[in-house]
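Please look through the model below before reading these notes. They are set out as numbered points, each on one part of the chain.

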Amino acid sequence: MMDYPLLLKSVLYRANTVFPEKEIVSRGLHGIFRYTYRDMYKRVCRLAHALGEVLGVKPGEHVGSFAWNHHRHLELYFAVPCSERVLHTINIRLFQEQIVYTINHAEDKVLFIDEDLVPLIESISPKLSTVEAYVIMTDATRLPETTLAPVYSYEELLAQVPDDYAFPTFDENTTAIIGYTSATTGNPKGVLYSHRGLYLHCLTSLIGELGVDDADVTMPVVPMFHVNAWGRPYSDTWIGAKQVYPGPRPQAQDLCALIHNERVTYSAGVPTIWMAVLNHVREHLGMYDFSSVRLLMSGGSALSPTLTEAYEKELGVKLYQGYGQTETSPITFVSFPKSSLKDLPEPEKYQLRAKTGLLVPGLEMRIVNADGKDVTHDGKEMGELWLRGPWIIDSYYKDAEKTREAFIDGWFRTGDIATIDQHGYLQIVDRVKDLIKSGGEWISSVDLENALMGHPDVLEAALIAIPHEKWQERPLACVVLRTEARGKVAKEEILAYLSGRVAKWWLPDDVVFLEEIPKTSVGKFSKKTLREWWEQGRLASAY
């Protein structure tokens, strides 16, 4: 066999060679932009030239992107790593001090910034110790007024260099992208993604019912600034799918319009996105046609069986669950019905789809109980999920202490508590820090949340543990009601609904109604914030 390195330039090569005519659609501040893979390839070549010849970025040095999901960010995804540099996808939703920390920790030399995000970078630029230049990405013919210096126009950079480039060959273990965790506690942790890891991770996105091909129209809603947009920019380019990028600050109406107008077949996002889309469609019946949609993927937090059922019955759309972490590139599990389970009764079918899922090809797992032994595959015994494989990290970037805590005997400890059933389906029941320990027994906040989300008047629900003198901890339910139900549904009704659906001792001690559940930088419910609100006496019903 040839000693042929697994590099991302192979993805770019195939798209330009086999699918040069296929379209990429990008929603921007000034309208919709369209071009082809052939056009994209030439611009990627120009950008690779500009990185070295104009900006002076050497192989191995880090380039930061501070941007939404659009065609220029896609070009950065290829030009930077394929020219043997490293792309740092900066999470724009982190706190300012965390953004400063990640840029300095990664030692970014150049920052590529979206026009509408320039003010944020201006406010922190004096604290950025390694950045030598800024590039503003805009459709406008003139750059906005800015205090950043030196500053360049993305389009002017590309205009002054050739549109062909000899992409180098190098070791497949070379870092392609660096990302950072969303940091619920402490500073974000740096995670290095190699060309080899991303290349192999791409293959998992092309398998079976969940795979895509060149007939698909894909729309990654999951942000490109976090966990590589679940690998979609690479896998969808490799396969030659038409790609639709939702651009800056997309709202439910923007996503619905893109699905309707561009005939999207496949999309991926967090559950809060799909809740918002469903509610928008319900409020505008007859306005949107979702008949093109073959499959939607949900990840980042638990998926409610009620939501999967609503999508199928109201929109005719399959909504599946996926699971991963920043440390795992991210995809490790996907929930779809095995052929032996295709004929399940309807209620069981929706329950199955809401499970975390089946281990994807190429990885190994263990679920380890408190005694260090593997749990029984009965769907009941809980343990911590451990993983290993070619796209699982083996260390944190420049953080020996966190590395020692997270790895044992070659396994990555995910920090997630899970069960696994006799069919091989994993179910994440909680983060270690979110499990509720009451009277020596564990209560899963995720299972309680899923049960609450089945109530027809509940829009969002999150459970946290609060201290209890006798039982150590007890669950507190934080609930957001649908607009029409606010002020009409009492906590007694919520608790009565849960009674019979969960064990009696799992029932929350109280229910508080909120206007909105606070979210993390990647759209998950922020239980850390809820716990802080409780400690500060701020968790009072809003209506």
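1. Basis. This is a predicted model, in which local features need pLDDT of at least 70 and side-chain atom pairs count only at pLDDT 80 or more, while totals for chains, interfaces and linings use all residues. Residues are numbered from 1 along each chain as its sequence is written, and side-chain values use heavy atoms, with hydrogens and water left out.

2. Domains. The protein chain is divided into domain 1 (1-250), domain 2 (360-431) and domain 3 (436-536); the bounds come from an automatic or database domain assignment. The centres of domain 2 and domain 3, taken over C-alpha atoms, are 26 Å apart. Four residues of domain 2 are in contact with seven residues of domain 3 (contact means heavy atoms within 4.5 Å).

3. Area between domains 2 and 3. About 390 Å² is buried between domain 2 and domain 3, with 48% of it from carbon and sulfur atoms. Met382, Val429 and Asp430 supply 82% of the area that domain 2 buries against domain 3, more than any other three residues. Buried area here is the accessible area (1.4 Å probe) that two parts lose on being put together, summed over both.

4. Second largest pocket. Its volume is about 950 Å³. On a 1 Å grid over the protein atoms alone, a pocket is an open set of points with protein on both sides within 12 Å along at least five of seven lines, a cavity is a set of points where a 1.4 Å probe fits but cannot get out, and lining residues have an atom within 4 Å of a point. Grid points are joined across faces, edges and corners, and a volume is the space filled by probe spheres set on the points. Of the 38 lining residues of this pocket, Gln251, Ala252, Thr272, Ile273 and Ala276 are the closest to its centre. Domain 1 and domain 3 both give residues to the lining of the second largest pocket, so the pocket lies between them.

5. Make-up of that lining. Helix H9 (252-262), helix H10 (271-283) and strand E24 (458-468) each supply at least two residues of the lining of the second largest pocket, and H10 gives the most, with eight. Helices (H or I, at least four residues) and strands (E, at least two) are DSSP runs, numbered from the N terminus. The lining divides into 16 nonpolar, twelve polar and ten charged residues. Ala, Val, Leu, Ile, Met, Phe, Trp, Tyr, Cys and Pro count as nonpolar, Asp, Glu, Lys and Arg as charged, and the others, Gly among them, as polar.

6. Cavities. There are three cavities of 30 Å³ or more. The largest cavity holds about 170 Å³ of space. It is lined by 18 residues, of which Gly28, Leu29, His70, Arg72 and Asp139 are the closest to its centre. Strand E1 (23-28) gives the most to this lining, with three residues. The lining of the largest cavity has five nonpolar, seven polar and six charged residues.

7. Helices H1 and H7. In H1 (residues 9-18), Lys9, Ser10, Val11, Leu12 and Ala15 are buried (buried means under 20% relative accessible area, exposed over 50%, partly exposed in between, with a 1.4 Å probe and protein chains only). The cover over these H1 residues includes helix H2 (37-53), helix H3 (71-82), H7 (195-204) and helix H8 (232-239). In H7, eight of the ten residues are buried, including His195, Leu198 and Cys202. The buried residues of H7 pack against H1, H3, H8 and strands E8 (175-180), E9 (190-194) and E15 (331-334).

8. Backbone points to check. The peptide bond from Ala149 to Pro150 is cis, with omega near -10°; Pro150 is in the loop between strands E6 (133-137) and E7 (151-153). A cis peptide bond also joins Ser329 and Pro330, with omega about 10°. Arg263 is not a glycine but has a positive phi of about 60°, and at 29% relative accessibility Arg263 counts as partly exposed. Phi of Asp409 is positive too, near 50°, and Asp409 counts as exposed at 70% relative accessibility.

9. His455. Is His455 buried or exposed? At 5% relative accessibility, His455 counts as buried. His455 lies in the loop between helix H14 (445-453) and E24. Leaving aside neighbours within four places in sequence, His455 is in contact with Glu493, Ile494 and Tyr497.
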